[in-house]
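Student: I am new to this structure and would like a close look at its charged side chains. Could you walk me through them, starting with one that is set apart from the surface?

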Amino acid sequence: MGKSEKKYIIRRITDAREKKELAEELTALLRDEDRREITAGGRSAYDEVHDSIHMSAECYAAFAGAERALIAVWGYRRVKGADGRLIWCLGTYQIKKYWMPFAVESKRIIARWARRFGVLYNACGAFNHDTVRWLEWCGAIFHEEVKVGNEAFLPFTIGG
């Protein structure tokens, strides 16, 4: 991999118009595993992506190179009546090119959020093996499998 291929930027996304455009772009470029996860409950991929981005207290996106290729989008939000924060991350196939810097940086971000909020939580598809490995590496503890639609999901917590 050449030097230019390794360069990426992370930006906090705050502008409503940019959030809408990002939701459209991410929906079009989602990894199949991520699409399968977010549509398991019966909603459209776009609705899930849009709501994840717009409901987040903070939302970030990673872009690669001069062409600004979207790698991943992630964020967190508070859920009324629950401790900690619900975290999420959705990726494109660009993530495979940038897996090492993504893994290192995301682990750092997750550790910072865990210190700040105590416990982080969500669930991922049991079929989403890359995500399960990444979450384990980030310190996730998985809990009893649950069904969402016809899919098996693994609830997890980090920190706490």
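Tutor: Let's start with Asp-34, which is buried, with a relative accessible area of 3%; buried means under 20% relative accessible area, exposed over 50%, and partly exposed in between, using a 1.4 Å probe and protein chains only. Before going further, please keep in mind that this is a predicted model, in which local features need pLDDT of at least 70 and side-chain atom pairs count only at pLDDT 80 or more, while totals for chains, interfaces and linings use all residues. Residues are numbered from 1 along each chain as its sequence is written, and side-chain values use heavy atoms, with hydrogens and water left out.

Asp-34 sits in helix H3, which covers residues 32-39; helices (H or I, at least four residues) and strands (E, at least two) are DSSP runs, numbered from the N terminus. A polar atom of the Asp-34 side chain lies 2.7 Å from the backbone nitrogen of Gly-91. Once neighbours within four places in sequence are set aside, Asp-34 is in contact with Cys-89, Leu-90, Gly-91, Asn-128 and Thr-131, where contact means heavy atoms within 4.5 Å.

Now for the charged pairs. A salt bridge is a side-chain nitrogen of Lys or Arg within 4 Å of a carboxyl oxygen of Asp or Glu, and by this rule the count comes to 14.

Helix H2 (residues 16-29) holds another pair, Glu-24 and Lys-20, which are four residues apart and so separated by about one helical turn. Their salt bridge has its closest N and O atoms 2.6 Å apart. Glu-24 is partly exposed, with a relative accessible area of 39%, and Lys-20 is partly exposed at 42%.

Finally, look for Asp-15, Arg-17 and Glu-21, which are linked in a network of salt bridges.

Note on methods. A polar contact is a pair of N or O atoms within 3.5 Å; within protein, one must be able to donate a hydrogen and the other to accept it, and residues adjacent in sequence count only if both atoms are side-chain atoms.
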